[in-house]
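Dear colleague,

I am handing over the structure that you will be working with, and my notes on it follow below. Please read them with the structure open beside you.

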Amino acid sequence: MHEMSIAEGIVQVLEEQAKEQHYSKVKTVWLEIGPLAMIESEALSFCFEAVTRGTLAQDASLQIINIKGEAFCMQCLKNVPITQRYDSCQSCGSHQLQVTQGDEMRIKELEVE
Ligand SMILES: [Zn+2]
């Protein structure tokens, strides 16, 4: 279950930022996840709760924002929506797509004390 290591990674980022930004408690984490990141929201929430125990993010609420996948189609010369990494273009059926958005996971916003 790679959600566990992702959750641990998030806590690491939170702890590093706490030093730089001088906060001692995280109350809410807004996390953006793209459909190509292959992250199970429910599993991640579960892992997040487990790994934050005893850390500055204990009892923090994890808000997951699902962002859309998007790729640039070499045939249509425009961005088209995708839901999986190896999707074909919905307009022309081409597989020459370059993913431009949706394979990332990032912390969008934090509520801290
Ligand atoms: Zn196309």
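Helix H1 passes helix H2 in a right-handed crossing, where a crossing is called right-handed if the near helix is turned clockwise from the far one by less than a right angle, and left-handed if it is turned anticlockwise. Helices here (H or I, at least four residues) and strands (E, at least two) are DSSP runs, numbered from the N terminus. H1 covers residues 3-21 and H2 covers residues 41-51, and the two pack at an angle of about 50° with their axes 8 Å apart. That angle makes H1 oblique to H2, because angles under 35 degrees count as roughly parallel, over 145 as roughly antiparallel, 65 to 115 as roughly perpendicular and the rest as oblique. The axes are lines fitted to C-alpha atoms, for helices over the stretch in contact, and the angles run from 0 to 180 degrees between N-to-C directions.

On the H1 side, the residues that meet H2 are Glu3, Met4, Ile6, Ala7, Glu8, Ile10 and Val11, and their partners in H2 are Ala43, Leu44, Cys47, Phe48 and Val51. By class, this contact of H1 with H2 has ten nonpolar, no polar and two charged residues; Ala, Val, Leu, Ile, Met, Phe, Trp, Tyr, Cys and Pro count as nonpolar, Asp, Glu, Lys and Arg as charged, and the others, Gly among them, as polar. Contact, here and below, means heavy atoms within 4.5 Å.

Before going further, please keep in mind that this is a predicted model, in which local features need pLDDT of at least 70 and side-chain atom pairs count only at pLDDT 80 or more, while totals for chains, interfaces and linings use all residues. Residues are numbered from 1 along each chain as its sequence is written, and side-chain values use heavy atoms, with hydrogens and water left out.

Ala18 also belongs to helix H1, and at 9% relative accessibility Ala18 counts as buried, a word that means under 20% relative accessible area, with exposed meaning over 50% and partly exposed in between (1.4 Å probe, protein chains only). Leaving aside residues up to four places away in sequence, Ala18 touches Tyr23 and Leu56. The C-alpha atoms of Ala18 and Gln90 are separated by 43 Å, at 72 residues apart along the chain.

Thr52 lies in the loop between H2 and E2 and is buried, with a relative accessible area of 2%. Not counting residues up to four places away in sequence, Thr52 touches Val11, Ala57 and Gln58.

His22, found in the loop between H1 and strand E1 (26-33), has a phi near 55°, a positive value in a residue other than glycine, and is exposed, with a relative accessible area of 69%. Met38, placed in the loop between E1 and H2, has a positive phi of about 55° although it is not a glycine, and at 63% relative accessibility Met38 counts as exposed.

Glu32 lies in strand E1 and, at 10% relative accessibility, counts as buried. Glu32 and Arg106 are 74 residues apart in sequence, and their C-alpha atoms are 5.3 Å apart in space. Beyond residues up to four places away in sequence, Glu32 touches Ile65, Ile67, Glu104, Met105, Arg106 and Lys108.

Ser61 lies in strand E2, which covers residues 61-66, and at 28% relative accessibility Ser61 counts as partly exposed. The side chains of Ser61 and Gln63 are joined by a polar contact of 3.0 Å, a polar contact being a pair of N or O atoms within 3.5 Å, of which, within protein, one must be able to donate a hydrogen and the other to accept it, and residues adjacent in sequence count only if both atoms are side-chain atoms. Ser61 also touches Lys27, Thr28 and Val29, not counting residues up to four places away in sequence.

Finally, His95 lies in the loop between strand E4 (78-82) and strand E5 (97-101), where His95 is exposed, with a relative accessible area of 61%. His95 touches Tyr86, Asp87 and Ser88, not counting residues up to four places away in sequence, whereas His95 and Ala57, 38 residues apart in sequence, are 42 Å apart in space, C-alpha to C-alpha.

With kind regards
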